[in-house]
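Please look over the sequence and the model shown here before reading on.

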Amino acid sequence: MKINNQNLKNMKTTKFFVKALLCLALVTSFTSCSDDDDPAPVNEEEIITTLTLTFVNNANPLDFVVLNSFAADGLEDGMSTETITGNFTAGVTYSLSLGLLNTSENPAEDVLNGDIIPEADEHFFAYAVNGLDMTMTRDADDVPGPDGSNLGVNTTWVANSAGTGNLQIRLIHEPTSVDDSNEFGSATGGSEDFNITFTGVVIN
Amino acid sequence: MKLSALFVTLFCFQIGFTQKCDSVFLGEIRDFHDNTPIVGATVYIQNLNKYVASDNNGKFKIENLCKGQIILVISHIGCETKTVSYMIEGDLFKSISLEHHIEELNEVALRAKENKTTQTAQETIIKTDVLERYSSLSLGDALKEVPGVSSINTGNTIVKPLINGLHSSRILIMNNGVRQQDQEWGIEHAPNIDINNAGQISVIKGSGALAYGGDAVGGVVVLKPGRIINKDTLYGRTILGGHTNGRGYNITSTLTKNYSSGWFAQLQASYKRNGDFRAPDYNLTNTGLDSKGFSTRLGKRNFESGFEFYYSYLNNEIGILGASHIGSVFDIERAINSGQPLLIEDFSYDINAPKQDITHHLAKANYYRRFQGFGKVSVQYDYQYNQRLEFDVRIGDRRNIPAIDLTLQTHSLLADASLDSNLERKYNFGIMGRYQNNFADPDTGVRRLIPDYDKYDFGIYGTTEWQLNDDLILDAGVRYDFSRIDAKKFYLISRWEERGYDEDFSDIIIEELPTQLLTNPVFNYHNFSASAGAKLDLDNYNQILFNYSLASRPPNPSELFSDGLHHSAARFELGDLRFGKEVSNRVSLTYSYNSTRFRLLSEVFYNRINNFIYLRPFDFVLTGRGPFPIWEYQQTDAQLYGIDLTVTYDITDAWQFQNKSSLTKGYDKETDLPLIDIPPFSTINQIRYTNSKWNNFSASLKSEWVFEQNEFPDFNFEVEDELSGEMVLLDISTPPPAYHLLHFYSEATFDLSEKTKLNVSLSVNNIFDTSYRNYLNRLRFFADELGRNISLQIQLNY
């Protein structure tokens with residue numbers, strides 16, 4: 001009698017278990033069939049493909065110098081090509097206008113006005129020159145940056161004397177502290193979104 | 001006596017007049033689990049209606065048996081009564097094992113007995129009482145109790161076990177019988193396991209445990225839940241802890257209900273929280289942790305058969321040191337030169353980007369049944385769901401969108417037969433089938449690091465264990481695994497061509513987009529693994545173990561498919577579709593000496609790994625953030641060897657001294673360079689005082705001395721600062737100097753009532769608040785390790 005009961009129990013357990021296994025197998029087959037389609041491509045949204053610095057002679061709007069950096073896969077991790085159009089003239093004052101675009105989107109996305117300026121308190125443009133006698137000021141109407149600084153979007157540049165050298169622009173994201181008392185600007189902490197140096201910039 | 005003789009006579013009479021009744025049956029009764037003899041068991045010979053009892057060696061003798069069947073009913077206090085029958089055709093010896101519940105109860109209540117998974121492998125067990133000390137920490141921290149096991153860290157909460165210098169895909173983690181599948185290939189992907197779930201952990205160096213898998217080039221970590229006892233009882237455990245460093249707190253509770261019928265149910269939940277940790281000189285901003293875990297078991301467990309349902313959930317939100325977010329190699333250079341993090345803020349519990357948010361579900365069902373004279377057959381189905389979200393520092397409305405969003409689902413079916421009716425010749429066979437799907441969500445807006453893939457695995461194995469005599473055990477095993485990966489991966493056309501895939505893999509392109517190619521790589525791998533070993537007891541004190549194991553590991557998804565910028569490392573990482581499997585030949589020799597006062601365990605190993613896959617710098621790429629080094633996964637032949645020592649000396653009954661030392665060497669045979677991330681020599685000395693009269697009081701002082709790693713591959717590189725034209729050196733290779741730390745631990749246990757025990761422990765880590773950096777912490781460029789931490793933990797067993 002006791003043995004029969006035990007057997008019955010075991011049979012029940014076995015049956016239950018077989019059922020459970022079947023159910024689980026069914027679940028398995030459903031989930032494994034669910035995503036047979038090809039995955040969708042990801043076009044990086046955050047990338048900057050094109051950086052353009054346009055220096056326009058304040059006295060003559062037809063006289064300008066364009067520094068351009070282009071990376072099809074994005075400046076962050078793609079190979080970039082720098083081109084310089086035109087030369088500076090000693091003694092001339094220029095206004096710099098910046099352009100940051102993502103041309104992998106159609107139409108091209110304006111990263112400067114769309115992303116960076118709305119979050120100006122977390123970004124900072126720092127510039128530097130080497131071998132070039134230039135001075136630079138952040139304009140009064142520049143966009144306010146972190147900690148009472150000027151972001152560095154609207155700037156004025158003076159080419160002092162003739163020479164050839166390098167000009168660097170960096171965009172720093174979430175810097176710990178920034179300092180624009182030296183107008184070119186410096187920052188500590190944070191991470192660089194880009195760090196581009198144009199070599200062979202000429203002042204005639 | 002006369003009466004029984006009469007019975008015997010009568011019995012023989014019944015069977016036949018011609019039979020001689022002079023056979024002798026010798027029996028031996030042993031504990032089913034640990035093979036210890038069971039003394040004083042009652043043996044009722046049913047057909048003779050006669051009783052005998054087992055002697056001090058668990059043996060008993062029945063004489064004057066006639067040919068034919070005898071039925072024995074064996075009972076012992078605390079054991080399930082067992083009925084066995086044998087055919088008597090002459091003298092016979094049989095070993096009979098009993099399921100010994102009282103012993104088990106003792107194991108749970110007092111001190112877990114060593115219950116090793118393997119015979120000849122280098123296996124170390126971490127018992128419940130030690131695990132309880134790590135209640136607030138991670139699996140990787142607890143495993144460092146084992147000499148030869150260190151950890152590779154990303155910060156202080158992402159801790160991955162490193163066994164004899166190997167980690168990640170080379171270590172197999174078994175969580176309650178389920179092979180953990182949680183994107184373990186990544187160096188910053190810690191095992192998603194709540195240590196409070198485990199009742200015991202076995203660490204097996206090398207791949208000797210073939211039943212779990214054949215690809216454990218580094219080792220196997222086996223987590224077992226607490227034992228279930230067949231007794232009507234309800235018990236629980238609650239641990240509460242508080243910690244000064246990081247202002248952390250943790251709570252875990254387990255409640256278990258058992259029935260004598262074998263039914264059991266268990267509920268367990270844990271919560272851990274801490275804010276920013278602190279190095280001796282500054283806060284480690286954004287290093288908080290929020291961890292929630294829950295698990296439940298339900299089933300019935302008897303000697304003959306049983307089943308179990310198990311479910312566990314774990315969610316970890318882990319902050320990653322804010323200062324470690326870098327954009328360019330110049331950022332990393334500034335971080336190295338500044339000597340302290342570039343982002344230090346006031347203490348906070350907030351967890352901001354960069355951070356990880358990982359959810360892991362595990363469900364399993366198993367059933368086993370024992371067949372008399374055959375062994376045990378078990379089947380298991382398990383399912384795991386792992387979601388990994390990694391949040392990077394992003395701008396705009398993408399701020400709250402993870403940069404990595406991977407969902408990994410795994411289904412496994414296992415069947416195993418263990419033939420242990422003859423305890424001197426045990427055999428074990430099994431098959432395994434597994435299906436895995438990885439889905440990388442494109443909504444991240446970041447190109448997938450790991451592609452969508454389906455992976456199919458099939459394994460079959462057989463192992464055996466021969467007890468040749470009382471002193472010698474041999475074991476051996478073979479295993480075959482088939483593994484197929486079927487991925488859908490996008491490549492940038494520029495990368496595709498640069499890798500030369502346009503020549504070798506043009507047939508796998510399924511779609512061409514303007515800048516990207518969709519490809520369908522499908523790879524099959526056939527893996528053979530084997531092991532053999534011997535365990536020899538020289539005498540009561542000296543024991544020698546020898547083991548050889550062959551393991552093969554197919555390349556993991558990151559080794560095959562990586563192609564992109566790894567932000568936290570400031571480097572490009574490139575995998576290779578052409579990789580074949582990695583094959584390891586490992587020999588190990590263990591010598592142990594055990595006397596009452598002095599114990600020595602010495603483990604040596606040599607591991608030769610052909611086609612060892614590892615990352616090394618290869619080239620540069622000039623990007624808009626400056627030059628970046630390109631690191632390529634490459635295959636080479638490597639060798640690792642080392643020695644792990646544990647010496648324990650009981651100076652008096654109260655005072656104990658222990659030393660654990662470990663030396664590991666690893667070399668790339670092709671380039672003759674040392675391997676990267678090999679743990680430096682370390683030695684831990686501990687002195688402990690115990691007094692059982694003072695409520696089991698114990699106090700210990702531990703000195704941890706980690707040497708500087710002098711053997712490292714020099715992967716330093718120079719980049720040109722384009723503005724000034726100067727070359728800048730990036731020292732990313734030189735290991736940090738040696739360090740020495742002192743830790744204190746003390747505890748006492750109070751009996752509150754017959755069934756309630758209160759354990760209070762106080763510990764101080766890094767007593768002197770020493771500043772140091774750890775070679776095996778990937779964030780060592782950015783910040784020091786943790787400063788002093790004082791912890792108070794209260795544990796209630798009821």
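## The model and chain A

The structure described here is a predicted model. Chain A has 204 residues, of which 45% are buried, and its secondary structure comes to two helices and 12 strands. Read from the N terminus, the elements of chain A follow the order α-β-β-β-β-β-α-β-β-β-β-β-β-β.

## Where chain B meets chain A

The contact between the two chains draws on 54 residues from chain A and 56 residues from chain B. Together the chains bury about 4,700 Å² between them, and 53% of this area lies on carbon and sulfur atoms.

Two salt bridges are counted between chain B and chain A, and in one salt bridge the side chain of B:Lys488 meets that of A:Asp38, with 3.1 Å from N to O. Between chain B and chain A there are also 11 residue pairs in polar contact, counting pairs with both residues at pLDDT 80 or more. On the side of chain B that touches chain A, the element that gives the most is strand 22 of chain B (residues 355–371), with four residues. Sorted by class, the residues on that side of chain B divide into 26 nonpolar, 16 polar and 14 charged.

## The domains of chain B

Domain 2 and domain 3 of chain B bury about 7,200 Å² between them, with 49% of it on carbon and sulfur atoms. Of the area that domain 2 of chain B buries against domain 3 of chain B, 11% is supplied by B:Gln119, B:Thr120 and B:Asn176, which is more than any other three residues supply.

## Polar links between domain 2 and domain 3

Five salt bridges are counted between domain 2 and domain 3 of chain B. A salt bridge also joins B:Glu132 and B:Arg237, whose closest N and O atoms are 2.9 Å apart. Across the interface of domain 2 and domain 3 of chain B there are 51 residue pairs in polar contact, again with both residues at pLDDT 80 or more.

## Salt bridges within chain B

Over all chains the count comes to 37 salt bridges. In one of them the side chains of B:Lys59 and B:Glu28 meet at 3.9 Å, N to O. B:Lys59 lies in strand 4 (residues 59–65) of chain B and B:Glu28 in strand 1 (residues 23–31) of chain B, so this pair ties together parts that are 31 residues apart in sequence. B:Lys59 is partly exposed, with a relative accessible area of 35%, whereas B:Glu28 is buried, with a relative accessible area of 8%.

Another salt bridge, at 2.9 Å from N to O, is formed by the side chains of B:Glu498 and B:Arg495. Because B:Glu498 and B:Arg495 are three residues apart in helix 6 (residues 493–498) of chain B, about one helical turn separates them. B:Glu498 counts as partly exposed at 41% relative accessibility, while B:Arg495 counts as buried at 16%. Both residues belong to a network of salt bridges that also links B:Arg447, B:Lys489 and B:Asp563.

Methods
Residues are numbered from 1 along each chain as its sequence is written. Chains are lettered from A and ligands numbered from 1 in the order in which they are written. This is a predicted model: local features need pLDDT of at least 70, side-chain atom pairs count only at pLDDT 80 or more; totals for chains, interfaces and linings use all residues. Side-chain values use heavy atoms; hydrogens and water are left out. Contact means heavy atoms within 4.5 Å. Buried area is the accessible area (1.4 Å probe) that two parts lose on being put together, summed over both. A salt bridge is a side-chain nitrogen of Lys or Arg within 4 Å of a carboxyl oxygen of Asp or Glu. A polar contact is a pair of N or O atoms within 3.5 Å; within protein, one must be able to donate a hydrogen and the other to accept it, and residues adjacent in sequence count only if both atoms are side-chain atoms. Ala, Val, Leu, Ile, Met, Phe, Trp, Tyr, Cys and Pro count as nonpolar, Asp, Glu, Lys and Arg as charged, and the others, Gly among them, as polar. Buried means under 20% relative accessible area, exposed over 50%, partly exposed in between (1.4 Å probe, protein chains only).
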